[in-house]
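Please consult the sequence and the model alongside the text.

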Amino acid sequence: MLSRRQATLIGSLSIVLWGCLALLTRLTAGVFPPFQLLAMTFALAFGLMLAKWLRAGQSPLGFLRQPPLAWALGVGGLFGYHFCYFLAMRLAPAVQVSLLAYLWPLLILLFSAMLPGHRLSRWHVLGGLLALGGCWLLLGGGQGGFASQYLPGYLMALLCALIWSLYSVASRLVAQVPTDAVGWFCAGTALLGGLCHLYGETTVWSAPWSAWLGVLALGLGPVGLAFFTWDIGMKQGNLPLLGVLSYAAPLISTLLLLVCGLAQPSGALALACVAIIGGAALAARGR
């Protein structure tokens, strides 16, 4: 068992890795259809855990037998979030979808108060709202507004936020399930993604080496290691604090794009930095 602080630090690593998601996705250059990319990256995530089992001399089948609730949460959370996100992106503009989908850190903050032995302090709430405002600025502040014809897409984006926040917080209810089992949940997600790909997409194998490098980096990092470290943080760490810290992911993403010359500095970016960092500092007071 890890201490609460150690588990929170490990969970924070997921946020850093998710901050690299946009940059690494740029490497794939949109070559691969969404569900094919989903299947390939989650298969790599499973391969990462499989390599760990083989190196440790452990039987992968020993982690396959888990309670039905753990399987429902694991595969439902991982695949359900991505399925709804891809569908939302098809039905509504990307900026508005991103804003709505990124309500999940705030929902984690609120849902964590419902767990036995947990409560929210005013610092958690203030920090979460301040960080949410920073995220709103960072992702465009609702630029273009919300149009009624895109309502189905908006609803799918909200469902994304609900699924991921419930998956994250409910992981505490199956804390006895080892993090290694997430490897099998990734395998299940890869299988479902592959089936969706075969049903409605055209398979792409001819791609530049940089795109394949992007797939490998995604599968090992933001779509691989990140889900394992997040599981540790959710089961043993400080849930409200991790919820607020999650707003740093789009900030890290934007800063990396800025460093690589793929984004432009602005006053909104500076204000977003102050709001998100300030929100995390307020939330840390509520530990």
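## Terms and basis

A residue is called buried under 20% relative accessible area, exposed over 50%, and partly exposed in between (1.4 Å probe, protein chains only). The model is predicted, so local features need pLDDT of at least 70 and side-chain atom pairs count only at pLDDT 80 or more, while totals for chains, interfaces and linings use all residues. Residues are numbered from 1 along each chain as its sequence is written, and side-chain values use heavy atoms, with hydrogens and water left out.

## Overall fold

The protein chain contains 13 helices and 0 strands; these are DSSP runs (helices H or I, at least four residues; strands E, at least two), numbered from the N terminus. Buried residues make up 49% of its 287 residues.

## Salt bridges

The structure holds 3 salt bridges, each defined as a side-chain nitrogen of Lys or Arg within 4 Å of a carboxyl oxygen of Asp or Glu. Asp-180 pairs with Lys-52, with the closest N and O atoms 2.7 Å apart. Asp-180 lies in the loop between α8 (151–170) and α9 (182–200) and Lys-52 in helix α3 (residues 34–56), so the pair ties together parts 128 residues apart in sequence. Asp-180 counts as buried at 11% relative accessibility, whereas Lys-52 is partly exposed at 38%.

Lys-235 and Asp-231 form another salt bridge (3.1 Å, N to O). These two residues are 4 apart in helix α10, about one helical turn, and both are buried.
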